[in-house]
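Here is a short tour for anyone meeting this structure for the first time. Have a look at the model, then read on.

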Amino acid sequence: MSTTRASIVLSSERAFDRHGFAATGMDRLTQEAGVSSRTLYKHLGSKDGLVAAVLSARAERFFAAFDVRGVDALFSTLAAWTASEGARGCLFLRALAETGGDVPGVVTAVADYRDRLVALVRRAVVDDLGHEDEPLAEQVLVLFEGAVSAASYRGAGAVVAAHAAATTLVRLAG
């Protein structure tokens with residue numbers, strides 16, 4: 001990714017995360033990136049292309065941060081992520097909701113994120129139990145995603161509560 005493109009994507013991620021996808025116009029995006037609209041369009045093609053690129057870049061950063069072993073590490077990392085990135089809910093679900101599920105690049109980016117998140121949670125459960133446990137993985141996934149959502153209005157305590165619940169479930173399953 002070129003430096004200019006990467007800079008546009010990163011500044012746009014911050015703007016979309018703070019203000020929403022629909023409410024963030026191209027003027028704000030170019031201003032925050034410090035580029036002309038021509039440069040933005042040259043590198044990303046369209047606002048829809050920019051949103052898809054933002055989601056792809058966010059997923060890469062997210063999964064690089066969540067290269068963890070076990071459910072405890074999964075939730076500890078979520079606490080650290082929330083502390084550094086903020087707690088405004090899931091950017092992927094917000095993008096899907098704001099675009100109405102009608103933008104193919106966004107739909108693809110969200111589906112990829114969801115698939116990777118499910119695989120991450122399944123792997124964390126296997127790390128702890130030594131074998132697959134699909135019902136437990138589903139419970140941990142719901143706790144994880146619920147913590148992401150609830151942290152937006154309950155604060156860091158939502159992640160702490162979900163972490164405690166997940167730890168209890170893993171202990172009971174083991």
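Helices here are DSSP runs of H or I with at least four residues, strands are runs of E with at least two, and both are numbered from the N terminus.

## Ground rules

This is a predicted model, where local features need pLDDT of at least 70, side-chain atom pairs count only at pLDDT 80 or more, and totals for chains, interfaces and linings use all residues. Residues are numbered from 1 along each chain as its sequence is written, and side-chain values use heavy atoms, with hydrogens and water left out.

## Threonine 39

Let's start with threonine 39, which sits in helix H3 (residues 37-44). Its relative accessibility is 25%, so it counts as partly exposed (buried is under 20% relative accessible area, exposed is over 50%, and partly exposed is in between, using a 1.4 Å probe and protein chains only).

Setting aside neighbours within four places in sequence, threonine 39 is in contact with Thr4 and Ile8 (contact means heavy atoms within 4.5 Å). Arginine 5 is 34 residues away from threonine 39 along the chain, yet their C-alpha atoms are separated by 9.0 Å.

## Glutamate 13

Next up is glutamate 13, part of helix H1 (residues 3-19). This residue is buried, at 4% relative accessible area.

The side chain of glutamate 13 makes a polar contact with the side chain of arginine 58, at 2.7 Å. For that term, a pair of N or O atoms must lie within 3.5 Å; within protein, one must be able to donate a hydrogen and the other to accept it, and residues adjacent in sequence count only if both atoms are side-chain atoms. Not counting residues up to four places away in sequence, glutamate 13 touches Val54, Arg58, Arg61, Glu85 and Leu91.

## The nonpolar core

What about the greasy part? A nonpolar core is a set of buried Ala, Val, Leu, Ile, Met, Phe, Trp, Tyr and Cys residues joined through side-chain atoms within 4.5 Å. The largest one has 55 residues, and those with the most contacts inside it are Leu50, Leu55, Leu74, Phe75 and Leu117. Helix H7 (residues 104-129) provides the largest share of this core, 10 residues.

Leucine 117 touches Phe62, Phe63, Leu141, Phe144 and Glu145, once residues up to four places away in sequence are left out.
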